[in-house]
Structure formats: structure tokens, C-alpha cells
Amino acid sequence: MVEESDAIKKRKIVNRFLQQLTRDEPQMYYATTSEVARALHGMIKEHTNRLDVEEQALIRRMTMKDVEVMLGFQYK
């Protein structure tokens with residue numbers, strides 16, 4: 001089995017938080033990428049201790065700009 005890259009793992013974490021954000025705050029769908037990234041970054045930092053140790057290590061140094069870049073690039 002092929003290991004997922006750290007970038008893919010980070011994207012999955014961000015996507016999980018994005019799903020929660022859009023469920024909790026549907027108006028964020030219409031917000032700018034930077035506004036969504038700011039909200040997501042705050043959520044991730046707030047909930048870091050609820051993630052498993054491997055996920056915490058992946059996102060520990062993730063910046064708001066990192067989140068914004070991930071949101072700007074939609075790849076499969």
C-alpha cells in the first residue's frame with residue numbers, strides 16, 4: 001500500500017474542518033478565500049488537541065497562508 005504524502009494528509013485535515021465550518025456557518029460559502037482561510041486556521045488551532053498525535057504534528061506549523069494556498073488549489 002502506498003503511503004499518503006504529508007500534503008495530502010494536511011489537505012484532508014483542512015477539508016474536514018472546511019466541512020464543519022460550512023455546516024456551522026453556511027454564509028462562509030460566499031466569503032473570500034482569505035476570510036475562509038482565517039476562519040479555518042482559527043478552528044484548526046482551537047481544536048488541535050482533539051486531533052491524533054500524527055495529525056497534530058502535521059498541522060503544528062501550518063499558517064493561515066498555508067490554508068489559503070490549499071483552498072486556492074483544487075486538486076484530486
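E54 and K9 are joined by a salt bridge between their side chains, with N and O 2.8 Å apart; the term stands for a side-chain nitrogen of Lys or Arg within 4 Å of a carboxyl oxygen of Asp or Glu. Because E54 sits in helix α3 (residues 53–59) and K9 in helix α1 (residues 6–24), the pair ties together parts that are 45 residues apart in sequence. Helices here are DSSP runs of H or I with at least four residues, numbered from the N terminus.

The model is predicted: local features need pLDDT of at least 70 and side-chain atom pairs count only at pLDDT 80 or more, while totals for chains, interfaces and linings use all residues. Residues are numbered from 1 along each chain as its sequence is written, and side-chain values use heavy atoms, with hydrogens and water left out.

The two partners of this bridge fall into separate accessibility classes. E54 is partly exposed at 47% relative accessibility, whereas K9 is buried at 18%. Buried means under 20% relative accessible area, exposed over 50%, and partly exposed in between, with a 1.4 Å probe and protein chains only.

The structure holds three salt bridges. Another one pairs E55 with R16, their closest N and O atoms being 2.9 Å apart. This pair also links distant parts of the chain, with E55 in helix α3 and R16 in helix α1, 39 residues apart. Here E55 is buried, with a relative accessible area of 16%, and R16 is partly exposed at 39%.

A further salt bridge brings together the side chains of K12 and E4, at 2.3 Å from N to O. K12 is partly exposed at 42% relative accessibility, and E4 is also partly exposed, at 34%. Side chains of opposite charge can pair when their charged atoms come close.

The nonpolar side chains form the other part of the picture. The largest nonpolar core has 17 residues, and V14, L40 and V67 have the most contacts inside it. Such a core is a set of buried Ala, Val, Leu, Ile, Met, Phe, Trp, Tyr and Cys residues joined through side-chain atoms within 4.5 Å. Helices α1, α2 (33–47), α3 and α4 (64–72) each supply at least two residues of this core, and α2 gives the most, with five.

With neighbours within four places in sequence set aside, L40 is in contact (heavy atoms within 4.5 Å) with V14, F17, L18, L21, V67 and L71. In soluble globular proteins, nonpolar side chains tend to be buried together.
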